Amino acid sequence: MSLRSPFFALAALMPLVLPLAACDRAQGDGAQQQGELAGEKQSLTEGEVGEIDRAQAGTQLPALSFSDADGNTLDLGAMDGQPVIVNLWATWCAPCVTEMPSLDNLASEMGEDLRVITISQDMRGADLVTPFFAKYDFANLEPWLDTQGTLDRALDNGGVLPLTILFDGEGREILRVKGGYHWDSEDALALISEEIAE
């Protein structure tokens with residue numbers, strides 16, 4: 001069979017055309033630059049949108065602590081009774097970067113009814129996250145760091161990013177989404193408002 005056959009041409013192009021539904025932490029530090037290009041995308045395509053999963057509903061939010069670039073500490077075990085969305089992401093993960101503006105909008109829309117926390121899984125931590133937040137000027141997101149992937153392991157997630165979980169005011173999981181999502185869509189806002197009101 002000739003190397004110029006359509007099969008070989010298609011096989012060579014497949015890595016370039018497959019949509020990224022989610023990213024795997026195993027890509028490591030070498031893939032960090034991918035997020036720079038992904039940040040210019042306007043929205044998630046249909047193939048990149050994750051699905052709502054309630055299989056882990058009722059699971060307690062792990063009592064772990066994280067810090068930000070300024071040394072402030074976030075204690076997940078000492079939340080104040082406010083519903084919270086926890087988003088695990090990384091600068092090198094295209095769907096993560098693409099959905100960040102919608103998470104920022106969600107935080108703005110929900111105000112004090114919902115706290116939106118982003119926890120970066122970047123191994124280089126603040127070296128990447130601080131310039132990323134400065135570039136995109138998110139007004140409502142909290143840039144916490146988890147360079148060791150501690151929360152990912154506690155949630156038994158397997159390194160798939162983004163992972164976004166909605167917890168109620170008692171710290172119990174309501175739902176989760178693996179992969180990007182339109183968090184500021186009318187459907188998402190209505191769903192979250194209904195879930196946290198119960």
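Student: What is the handedness of the disulfide of Cys93 and Cys96, and why?

Tutor: A disulfide is a covalent bond between the sulfur atoms of two cysteines. In this structure the torsion about the S-S bond of Cys93 and Cys96 is about 75°, so the disulfide is right-handed. The model is a predicted one: local features need pLDDT of at least 70, side-chain atom pairs count only at pLDDT 80 or more, and totals for chains, interfaces and linings use all residues. Residues are numbered from 1 along each chain as its sequence is written, and side-chain values use heavy atoms, with hydrogens and water left out.

Student: How many disulfides does a search of the whole structure find?

Tutor: The search finds one, where a disulfide is a pair of cysteine sulfur atoms within 2.5 Å. The sulfur atoms of Cys93 and Cys96 are 2.5 Å apart.

Student: Is Cys93 buried or exposed?

Tutor: Buried means under 20% relative accessible area, exposed over 50%, and partly exposed in between (1.4 Å probe, protein chains only). Cys93 is buried at 0%, and Cys96 is likewise buried at 0%.

Student: Is the peptide bond from Leu161 to Pro162 cis or trans?

Tutor: That bond is cis, with omega near -10°. Pro162 lies in the loop between strand E8 (160-161) and strand E9 (163-167).

Terms used
Helix = DSSP H or I, 4+ residues; strand = E, 2+ residues; numbered from the N terminus.
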